[in-house]
Every structure is written in C-alpha cells, then in structure tokens.
Amino acid sequence: YQRRVRGVTSIMGTQTSKESENFFSTPVSQFLEHSNQKLITLHTKDKVEDALNILLKNGILSAPVLDNEQHCLGFFAMTDFIMHLFENTKLEQLEKSKAHEFISQAKHKTIAEVISRYKTTDSVPMLQKDAHVKSALLLFSVGTQRIIIVDKKKKIKGILSQSAVLSYIGTHIQVLGSLADDTANRFGIPWSGLFKINHKWTALETLNFLHHRGVAHCPVVNDEEKIVGHCSLSDFKGMYELNSFVLLWEPILLFLSRMRGSDRPTLHVPASSRFGVIIQALAENKVHQIYLYDDQNNCVSMITMTNVCHKIFKNLQFVA
C-alpha cells in the first residue's frame, strides 16, 4: 500500500553559505567517530554460507572483503550470491524441486570462487579518513552506496554509507541553506524513464530483471501501470533468514509480503514538495527512494538517494 508524506511548504534554513561550506568540508572520520558502527570484515577464503551468516547475525547487507595482506578487495553482499548464480547458471530454467540442492552446493564455495571481481582494488570506493564530506558526496552522486574509509596505511577504519550522510543532513537540514527550499519536481527519474516490475512476475523473474537492468530497485505496477508496491535487491535477504529459496517461484507481491510483511508502505509526496522535505522523508522512513505524484494522483517521477546526492554535489559546484 502507499502512504503520503506531508511536509511543510518551506523549510529554508538560516545557515549562511560559509557555515554550509564548513559542514561539507568536515572530515568523513567525524561521521565514524559519532557512530557506534562495528566494523565487520570478511576474507576471500570464507565460505559463502559462513559469510551470509555473519551478515545476518550483524544485521547488515554487505561487508568489505580482505585478502591475506589485509587489503580490501571490495564488498560482498547477500545479493552477490544470487547474482553469481545468474551469471553461471540458467537459474530461471532450474526446477523448483532441485533449488535447495543446487544452491546448497554453491553456498559451500569460497567468496573468492563466487565473486571473480575480487582481484583488484582499482574500483573499490575508498577515501582517506581526512577526506571531506564533499568528496564522499561525489562518489554517492554517481551511485556508490558505501565507501571504505582508510588511514594513510590503507588500513580500514570504517564504512561510510550514503544513507548515513543523508540521515544527518535530514536532521540538520539548515546546512543546505536555500537549496532546501528548491522544488523537488525539477529532478529525479521521470515516470516514462523508470524500469517497472509487472505484478504478475515471480520473484525469480523480478530478480533476473533487476540484475540484467543493473538497477537496485523498481516500482511494482499492475496492468494499468499503477504502483502497487516497490521491490529492491535488499528485499531478497529474507531468503537467507528463512533458508527457503523456493520462495523465488512465488508471485512478487506475495514474496514481498513474506519477506517484510505489509508494514512497509510505498512513500509518495506531492510533486510540489520542497527538496528538504524529500530528504527528511527519506531519512525518517529509512527508505532509499520516494515517489512524486501530481494533483491527479499520477506518479510523475521517482527520487532516489543517489539523485539527492547528485543534486547536492552539483549545487556545491555551482556555488563554488
């Protein structure tokens, strides 16, 4: 179901441009110092099943992978395991009755065997701990969701997430100055350009679609192309908790209800909402996307955390 977020019409802060500049020049290490985040790491030799259990035990979706020299080679996420299956097997042709046997064999491989991309650190999102928040926003603005923070010796000090920075901004909206009062409908992904999931698809078809389109989340629509739900890759982590991969053959809406219940509505706001309201809604509801609706109750666009970070970073460049 859907829930409308109602925000104030104007939330422009009194922060001066100098004070805003000070915030975006803050070292990223300060975010780590003020969080109680426990650093969880994995090793390339870890079995996939053990790695998944570590992620579940600590309530996280991914963790950095280290080699014997303690160099970080990237992230291992719960969904990486399923992506590996898609890349190496025609999983959509797999018989439902043989799913557990097939997946069980794959879970006993090592992370290094499953994720062949863990061979170079060239593409690992990484920043020195004295780098500024602005540098983090640059990475977040192109789709990076987690950044590894290291010291001068390249030792990992922590993980900085896209959501952590935007959650802080959401509760200190004045750091945006007049940008908080900008109209939200000037950016985001227009409805015509959105990938959409058909409500009749199975969870397996949906996962295959997300993987091959290279997107993390999409709206679920009915035959009239009205939004009836929302699906993201993170929704599939529930399969590991339930240890029941046969759920992949269920219709996507039924699958989502089993994974997370019916208490996670699809959030939407009026297209006339202010930019600051969007950020606050994302932060308060702990979601990564929100939909904009016009006066006729039609969805006109979707705004993601990446869109928000891009707009903030672009504004910083303009001001500079």
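Tutor: Happy to! Let's start with lysine 38, which sits in the loop between helix 2 (29–33) and strand 2 (42–43). Helices (H or I, at least four residues) and strands (E, at least two) are DSSP runs, numbered from the N terminus. This is a predicted model, where local features need pLDDT of at least 70, side-chain atom pairs count only at pLDDT 80 or more, and totals for chains, interfaces and linings use all residues. Residues are numbered from 1 along each chain as its sequence is written, and side-chain values use heavy atoms, with hydrogens and water left out.

Student: Is lysine 38 buried or exposed?
Tutor: Lysine 38 is exposed, because its relative accessible area is 64%. Buried means under 20% relative accessible area, exposed over 50%, and partly exposed in between (1.4 Å probe, protein chains only).

Student: And how far is its C-alpha atom from that of isoleucine 159?
Tutor: The two C-alpha atoms are separated by 9.4 Å, while the residues are 121 apart along the chain.

Student: What about lysine 311, buried or exposed?
Tutor: That one counts as buried, because its relative accessibility is 15%. Lysine 311 belongs to helix 13 (residues 305–319).

Student: Which residues does lysine 311 touch?
Tutor: Leaving out residues up to four places away in sequence, lysine 311 touches Leu179, Asp182, Phe187 and Phe275. Contact means heavy atoms within 4.5 Å.

Student: New topic: how do helix 8 and helix 12 cross?
Tutor: The axes of helix 8 (residues 162–171) and helix 12 (residues 275–285) come within 8 Å and cross at roughly 120 degrees. Axes are lines fitted to C-alpha atoms, for helices over the stretch in contact, and angles run from 0 to 180 degrees between N-to-C directions. The two helices are therefore oblique to each other; angles under 35 degrees count as roughly parallel, over 145 as roughly antiparallel, 65 to 115 as roughly perpendicular and the rest as oblique.

Student: Which residues meet there?
Tutor: From helix 8, Leu166, Ser167, Ile169 and Gly170 meet Ile279, Gln280 and Ala283 of helix 12.
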